[in-house]
Amino acid sequence: MINIGEVAIGTPVMLSPMAGVTNPPFRQICREFGQLGAQSGNFEAPSGRTDGTYAPAGLYICEMITTRALVERIPETLNMVKPDVGDPVRSVQLYGVQPATTAAAVKILIEEDLADHIDLNFGCPVPKVTRKGGGSALPWKHDLFEEVVTAAVEASEATSKHRSHQVPVSAKFRIGIDDDHETYRDVAKIARNAGISALTLHARTTQQHYAGEADWEKIAILKECSDLPVFGNGDVFEASDAQRMMDYTGCDGVVIGRGCQGRPWIFFDIAAAQHGSTERYRPTLREVADVIVRHAQLSIEHFDDEHRALREMRKHMSWYMRGFSVGGEVRHELGLVSTLEELKQRLSKLDLDQEFPQAAQGARGRAGNPKRPHLPESWLDSHTLNEMQRAKIHEAEIGVSGG
Ligand SMILES: Cc1cc2nc3c(=O)[nH]c(=O)nc-3n(C[C@H](O)[C@H](O)[C@H](O)COP(=O)(O)O)c2cc1C
């Protein structure tokens, strides 16, 4: 059992937010697999704890929400934070660059009972964000980082008074800007002093983007130098990787990003392994098709728009099919379906008795190439914002969508 503030996590795993991927329907599917996996092992869920302080199968974090969009009550954003009624601990990730807006967003989430745990994201490597000093560029500015995390924690403390427990705030960040400009140890200290309850390290630099290998050694160092729970993130594609990461780094839990794309049952495998079961979920194509249909049904309910829901399903469909022997044309057609009926029909024409293929295992998702970090002018000269940088920092929240 790992504690993030007053929230206890019964299985040391989290679904990492991925913009456009980890929406409520997909999260529900991941969580259900996690629950089944935990039950397949020696896991006994203590009953009666339904106050948002106990997550038996891990945390399934919401897609990143920008604080400004939440404060401005943009309808699409409000739809993204719509509580998932079946989720025992509703976890929302916020991205903010301004302390006051971050505090206001935290206040909304807690006062309106939309979250039981809040994660702050400082990991986005996208040039249009880092160029303005946001995302993974922000931790370089220790003063701004401290102001944002402090504002979030203080807002949580103040607003949680109306609830049975304080909503804990965690922080997710990268190693640093590049190998010569690491930030993770400094910001871990700042975060701890500000009252942050747990840390997630995506063990890459901004420069690496998603390329190369995550440097798990840094997770081990962070675990050694911080007394907060440390969650390791980067390159966990199988339950065996999760165990390897925990053994190698001593981290308290693992955070799964690309490894669940088209393979939400990775949470079954990890939860099963963590609770002593050797059972692993290796679906036939028929079972994968069942997951796809359920995913589509949940998406239709969520978006309340069949065409939109099936459009959102497109990328998932190609991920689900990966490694199975399905012709290019069929794959393409599956991506074009616009109704549930059409989807079911197309799926029924596949050779559904295929076993889960070897080729569907291992690394997946976008990797790309390292990219020179784009930063505001003279950003690296000091760990403190100058006046000009402070005046412009709000721009780092415009047009952001995950990363
Ligand atoms: C398409 C995509 C979108 C992402 N969006 C977010 C995001 O909104 N918030 C976040 O913290 N990380 C985001 N990430 C990073 C992942 O959550 C994760 O930290 C990263 O992929 C490394 O973990 P992995 O090796 O398990 O994939 C995104 C990654 C991808 C590939």
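Ala, Val, Leu, Ile, Met, Phe, Trp, Tyr, Cys and Pro count here as nonpolar, Asp, Glu, Lys and Arg as charged, and the others, Gly among them, as polar. Keep those classes in mind for the cavities. The structure itself is a predicted model.

Start with the empty space inside. Rolling a probe the size of a water molecule over the atoms shows where such space is left. A search of the whole structure finds three cavities of 30 Å³ or more.

Among the residues that line it are Phe237, Trp265, Ile266 and Phe356. Glu238, Arg263, Asp269, Arg282 and Gln361 also belong to this lining. By class, that gives four nonpolar, one polar and four charged residues.

Now turn to helix H1, residues 24–40. At 1.5 Å a residue, its 17 residues should span 24 Å, and its end C-alpha atoms are 24 Å apart, which agrees. Is H1 enclosed or open? Of its 17 residues, 12 are buried, so the helix is largely enclosed by the rest of the structure. Arg27, Phe26, Ile29 and Phe33 are among the buried residues.

Next comes a sheet. Strands of a sheet pair through backbone hydrogen bonds, either parallel or antiparallel. Here three strands form an open sheet in the order E1-E2-E4, with mixed pairing. E1 (2–4) and E4 (54–55) stand at the edges with a single partner strand each, so one side of each has no neighbour in the sheet. E2 (residues 7–9) pairs with E4 in the parallel sense over two bridges. Isoleucine 9 stands opposite alanine 55 in E4.

Finish at proline 370, in the loop between helix H14 (340–348) and helix H15 (387–392). Its relative accessibility is 53%, so proline 370 counts as exposed, the cut-off being over 50%. Beyond its neighbours within four places in sequence, proline 370 is in contact with Gln207, Gln208 and Ala211. Alanine 57 lies 313 residues from proline 370 along the chain, and their C-alpha atoms are separated by 34 Å.

Key:
Residues are numbered from 1 along each chain as its sequence is written. This is a predicted model: local features need pLDDT of at least 70, side-chain atom pairs count only at pLDDT 80 or more; totals for chains, interfaces and linings use all residues. Side-chain values use heavy atoms; hydrogens and water are left out. On a 1 Å grid over the protein atoms alone, a cavity is a set of points where a 1.4 Å probe fits but cannot get out, and a pocket is an open set with protein on both sides within 12 Å along at least five of seven lines; lining residues have an atom within 4 Å of a point. Grid points are joined across faces, edges and corners, and a volume is the space filled by probe spheres set on the points. Helices (H or I, at least four residues) and strands (E, at least two) are DSSP runs, numbered from the N terminus. The expected span of a helix is 1.5 Å times one less than its number of residues. Buried means under 20% relative accessible area, exposed over 50%, partly exposed in between (1.4 Å probe, protein chains only). Two strands pair if DSSP finds at least two bridges between them. Contact means heavy atoms within 4.5 Å.
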